[in-house]
Amino acid sequence: MRQLLSSLSYFSIFFAPFLLPLIVWIIAQDNYVRGHAKKAFFSHVFPFLALIPLLIFMFNANHTTSIIGYVILFFIIYIAVFIYNIFQGIKVLRDDA
C-alpha cells in the first residue's frame, strides 16, 4: 500500500498534478509516503517556477528567435520533469519499502 500511494503521487502528473501529492503529503502518517509525496509535489511545481524567469526573459527578448528558444526551453524542462515523474513512479512501485 505504501508503494502504491507513493507512486500514485508521481503518476498524478497525468490527472491532478498539484492536488494529489499535496493532499497525500499533508494527510499521510507514514514518513516514506510523505517523503515521496513531497518530492512529487515539488517536481510538479518546478516547471511552473522555471516558467517565471523564462517569461521575464521572453518579454525582454529583442528577437522572435529568442522567444521561440525560450518556449522550446520551457517544453524541454516540462518534458524532462514529466519523464522523471513517470520514472520515479515506476521505480517506487518496484522498490521494497
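Setting aside neighbours within four places in sequence, S9 is in contact (heavy atoms within 4.5 Å) with P21, V24, A37, A40 and H44. The model is a predicted one, in which local features need pLDDT of at least 70 and side-chain atom pairs count only at pLDDT 80 or more, while totals for chains, interfaces and linings use all residues. Residues are numbered from 1 along each chain as its sequence is written, and side-chain values use heavy atoms, with hydrogens and water left out. S9 sits in helix α1; helices here are DSSP runs of H or I with at least four residues, numbered from the N terminus. With a relative accessibility of 0%, S9 counts as buried (under 20% relative accessible area, against over 50% for exposed and in between for partly exposed, using a 1.4 Å probe and protein chains only).

Now to what α1 packs on. A pair of packed helices is described by the angle between the axes and the distance between them. Axes are lines fitted to C-alpha atoms, for helices over the stretch in contact, and angles run from 0 to 180 degrees between N-to-C directions. For α1 and helix α3 (residues 31-59), the axes come within 8 Å and cross at roughly 10°, so α1 and α3 are roughly parallel (angles under 35 degrees). On the α1 side, R2, Q3, L5, S6, S9 and Y10 take part, meeting Y32, V33, H36, A37, K39, A40 and H44 in α3. Sorted by class, that contact of α1 with α3 has six nonpolar, five polar and two charged residues. Nonpolar here covers Ala, Val, Leu, Ile, Met, Phe, Trp, Tyr, Cys and Pro, charged covers Asp, Glu, Lys and Arg, and the others, Gly among them, are polar.

Helix α4 (residues 64-94) also packs against α1 (residues 2-11), at an angle of about 175° and with the axes 8 Å apart. That makes the two roughly antiparallel (over 145 degrees). Here Q3, L4, S6, S7, Y10 and F11 of α1 meet N85, I86, Q88, G89, I90, V92 and L93 of α4. The contact of α1 with α4 has seven nonpolar and six polar residues, and no charged ones.

As for salt bridges (a side-chain nitrogen of Lys or Arg within 4 Å of a carboxyl oxygen of Asp or Glu), a search of the whole structure turns up one. It joins the side chains of D30 and R2, at 2.6 Å from N to O. R2 belongs to helix α1 and D30 to the loop between α2 (19-27) and α3, so the pair ties together parts 28 residues apart in sequence. D30 counts as partly exposed at 28% relative accessibility, and R2 counts as partly exposed at 35%.

Definitions and conventions: Parallel < 35°, antiparallel > 145°, perpendicular 65-115°, else oblique.
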